[in-house]
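Hi,

Here is the structure I promised to pass on.

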Amino acid sequence: MAVSSSGPSPPYLLHYWPTIPGRGEPIRICFEATSTPYTDVANTDKKSGMKTLISLISSSEISNLPHFAPPILQHGDLYISQLSNILLYLGPKLGLVPKGDENAIYRINQLTLTALDGFTNEAHDTHHPIAVGDYYEDQKDEAKERAHDYVRNRLPKFLGHFETVLQSEASKGGEYLYGGQLTYADLVLFQGLDGVAFAFPKAVAKLRKGGEYKGVWDLYERIKGLDGIKGYLGSERRLPYGNGVWRYYEELDNDE
């Protein structure tokens, strides 16, 4: 049964690995920014939550469309996976897409995918540049090279792109990325920047001090100050960074 467009909305359930922010975090951020009730299943009850999560990604689960990996969003009888797909679904429902602009959803999705590329996917690949299944220690030399290139070239390139977006007519004022209002692309960018600042504190501090990407960091601080986000960041619901997407290794944090 599909989710009905009339009547009360069924509860939102997020199925993701417990104890780490990871790729489930942009979804949590969207819920928290809009004060939308949700259940973070595996963090609410680790034992039963993990059992449910494992069953959802099990190769023997063929009663519905199989899921390759979490995050998985459950909304009524609908189960969908892939972070960008989930955000595409949630954006309009949570008021994070401007109304009256039929192209907005595609442009916001474009911005979201770019932010995920630059501050999530490429950030992850700095500590696992060779093989995701191998330990960091087994690819440490390659990780140093990858991190050096990321900090020196890729990170400034993505920051520069979003600085340009904020200066464009599409931003409508420079406070948010698109349409002059908060969208889920802003929230994804916020989380990516926060994770990268954790992983590369010296490098990010140097980039911020340079002032070249002031608009981007002003946006970061603007979102950090939102009531819903401020309360979330100070709560136990905000999970600490660790062995997930964003990891801190002193030897990779090169600000030269």
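This is a predicted model: local features need pLDDT of at least 70, side-chain atom pairs count only at pLDDT 80 or more; totals for chains, interfaces and linings use all residues.

Residues are numbered from 1 along each chain as its sequence is written, and side-chain values use heavy atoms, with hydrogens and water left out. Helices (H or I, at least four residues) and strands (E, at least two) are DSSP runs, numbered from the N terminus.

Strands 1 and 3 run antiparallel and are joined by 4 bridges.

Next, helix 3. Its residues G49, L53 and L56 are buried (buried means under 20% relative accessible area, exposed over 50%, partly exposed in between, with a 1.4 Å probe and protein chains only). Looking down the axis, the buried residues of helix 3 fall within an arc of 60 degrees, so they line one face of the helix; that arc is taken from the directions from the helix axis to the C-beta atoms. K47 and K51 are exposed on the other side of helix 3. The cover over the buried residues includes strand 1, helix 2 (41-44), strand 3 and strand 4 (78-81), where contact means heavy atoms within 4.5 Å.

V41 sits in helix 2 and is buried, at 13% relative accessible area. Leaving aside residues up to four places away in sequence, V41 touches L13, L14, H15 and G49.

Now helices 4 and 5. The axes of helix 4 (residues 83-93) and helix 5 (residues 104-127) come within 11 Å and cross at roughly 145 degrees. Axes here are lines fitted to C-alpha atoms, for helices over the stretch in contact, and angles run from 0 to 180 degrees between N-to-C directions. From helix 4, L83, S84, L87, L88 and P92 meet I105, N109, T112, L113 and L116 of helix 5. By class, that contact has 7 nonpolar, 3 polar and no charged residues (Ala, Val, Leu, Ile, Met, Phe, Trp, Tyr, Cys and Pro count as nonpolar, Asp, Glu, Lys and Arg as charged, and the others, Gly among them, as polar).

Last, the backbone spots. The peptide bond from P70 to P71 is cis, with omega near 10 degrees, and P71 is in the loop between helix 3 (46-56) and strand 3 (72-75). T19, in the loop between strand 1 (12-15) and helix 1 (25-33), has a positive phi near 75 degrees without being a glycine. T19 is partly exposed, at 44% relative accessible area. K172 is not a glycine either, yet has a positive phi of about 60 degrees. K172 counts as exposed, at 63% relative accessibility, and is in the loop between helix 6 (140-167) and helix 7 (184-199).

Cheers

Key:
Two strands pair if DSSP finds at least two bridges between them.
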